[in-house]
Amino acid sequence: MTEDLDVAKLQRRLAEFAAARDWQPYHTPKNLVAALSVEASELVEIFQWLTPEESARVMSDPDTAHRVTDEVADVLAYLLQLCEVLGVDLLAALAAKIDRNERRFPAP
């Protein structure tokens, strides 16, 4: 199923989901950034008091793995919606940032 997914399709599904519930008036850049921050914080909360070793094994516990997966999905959903509202091409922005970082931090 994931092989049929791409950023544009996911953004369309999210937009359709919001439209069916009349949520578009609330999906302003400010609100989406705030929601993104909240969801990222919920992801941080899962790892907050774990040792580095425990954090590396977090996906071995099914309940914790489910929580991590859900929060990662929430973070991505809000990021995709933010990019859609602002007209940011997420993949192009990431590729450009990687290019800049490769120039800024050349490999030895």
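Which residue just after α4 takes a positive phi? In this predicted model, that residue is G87, with a phi of about 75°. Residues are numbered from 1 along each chain as its sequence is written, and side-chain values use heavy atoms, with hydrogens and water left out. As the model is predicted, local features need pLDDT of at least 70 and side-chain atom pairs count only at pLDDT 80 or more, while totals for chains, interfaces and linings use all residues.

Now for α4 itself, which covers residues 62–86 (helices are DSSP runs of H or I, at least four residues, numbered from the N terminus). The end C-alpha atoms of α4 sit 36 Å apart, in agreement with the 36 Å that its 25 residues should span at 1.5 Å a residue (the expected span is 1.5 Å times one less than the number of residues). Among the buried residues of α4 are T64, A65, V68 and V75 (buried means under 20% relative accessible area, 1.4 Å probe, protein chains only). Their cover includes α1, α2 (29–47) and α5 (90–104).

E71 also belongs to the buried set of α4. Leaving aside residues up to four places away in sequence, E71 touches E39, E42, L43 and I46 (contact means heavy atoms within 4.5 Å).

Technical notes: Helices (H or I, at least four residues) and strands (E, at least two) are DSSP runs, numbered from the N terminus. Buried means under 20% relative accessible area, exposed over 50%, partly exposed in between (1.4 Å probe, protein chains only).
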